[in-house]
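Have a look at it first, and then we'll go through it piece by piece.

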2 protein chains.
Amino acid sequence: MTNALAFAALAEPTRQAIVEHLGARPMAVGELAALLPVSRPAVSQHLKVLKDASLVRDEARGTRRIYSIDPAGLGQIRAWLDRFWDGALAQYAEAAEREEQE
Amino acid sequence: MTNALAFAALAEPTRQAIVEHLGARPMAVGELAALLPVSRPAVSQHLKVLKDASLVRDEARGTRRIYSIDPAGLGQIRAWLDRFWDGALAQYAEAAEREEQE
DNA sequence: CTTATCCGTAAGCTTCCACTAACCGTAAGC
DNA sequence: GCTTACGGTTAGTGGAAGCTTACGGATAAG
């Protein structure tokens, strides 16, 4: 269950906002901090969490570090959800059928 | 961004375990508590959070309440992830191409 | 070499969350 | 009606997470 990190990372609203901004285009840390209502160190800490969850990648660009979305983390979450997607729909159909018989 | 509830709900390892168990088959509260290393009230609280996030459904069955997966919450998360899925892959391809030119 | 910019890290504080224990309500069985 | 089983709710507590301030490291420019 390695995706626990990814879900925990996306639980924070600030980190969700970071992912949304990086989804539009790659950005530097200070650039992200300017768009968010928190300080730059806070953004840096959030990026560390997102990086540990394989949700973002970083690339050194002079003194700046450009962050971008990492498809790996998103893929893990998608795979986990798909494990229950079919089963949940089957249970749903079964429950509906059972109600129809009564 | 209503999926904030869903992500926050799945951030907890215990709640993830509950979803996994319910993914196998619908269960009652006491049945879940027996499979988890926490007390029954804790399971009840977790189920309330999962229910508010539209991740589980409950059905009264005599004195027992049967909980099962609700596809609604999973669908919201899938939709949110898909918003970045294509874009992330495009950024990935673009970065690879840029490296190739250098 | 010095300065400036950009970023990560450590310490401290505050706030929130998960857990247990105790209680109350409800449905089934005698 | 009484008892038992099953669950939801509340109060209280311990621990974890996020934020800011201050500091240190690395790179580019003068």
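Two strands count as a pair if DSSP finds at least two bridges between them. The helices (H or I, at least four residues) and strands (E, at least two) are themselves DSSP runs, numbered from the N terminus. Before going on, keep in mind that this is a predicted model, where local features need pLDDT of at least 70, side-chain atom pairs count only at pLDDT 80 or more, and totals for chains, interfaces and linings use all residues. Residues are numbered from 1 along each chain as its sequence is written, while chains are lettered from A and ligands numbered from 1 in the order in which they are written.

**The sheets**

Let's start with chain B. Its 3 strands make an open sheet in the order 1-3-2, with antiparallel pairing. Strand 1 (27-28) and strand 2 of chain B sit at the edges with a single partner strand each, so one side of each has no neighbour in the sheet. Strand 1 of chain B is joined to strand 3 of chain B by 2 bridges, and the two run antiparallel.

Strand 2 and strand 3 of chain A run antiparallel and are joined by 6 bridges. Arg61(A) has Arg64(A), in strand 3 of chain A, as its bridge partner.

Contact is when two residues have C-beta atoms, placed from the backbone, within 7 Å.

| Helix 2 of chain B | strand 1, strand 2 and strand 3 of chain B | about 95 degrees |

**Helix 4 of chain A and what follows**

A residue is called buried if 20 or more other C-beta atoms lie within 10 Å of its own, exposed if 12 or fewer, and partly exposed in between, with C-beta atoms placed from the backbone. In helix 4 of chain A, the buried residues are Val43(A), His46(A), Leu47(A) and Leu50(A). Looking down the helix axis, these fall within an arc of 105 degrees, so they line one face of helix 4 of chain A; the arc is that of the directions from the helix axis to the C-beta atoms. Their cover includes helix 1 (4-11), helix 2 (13-24), helix 3 (29-35), strand 2 (56-61) and strand 3 (64-69) of chain A.

Just after helix 4 of chain A comes Ser54(A), with a positive phi of about 60 degrees. Ser54(A) belongs to the loop between helix 4 and strand 2 of chain A. Is Ser54(A) buried, exposed or partly exposed? Ser54(A) is partly exposed, because 19 other C-beta atoms lie within 10 Å.

**Where the chains meet**

Key
Axes fitted to C-alpha atoms, helices over the stretch in contact; angles between N-to-C directions.
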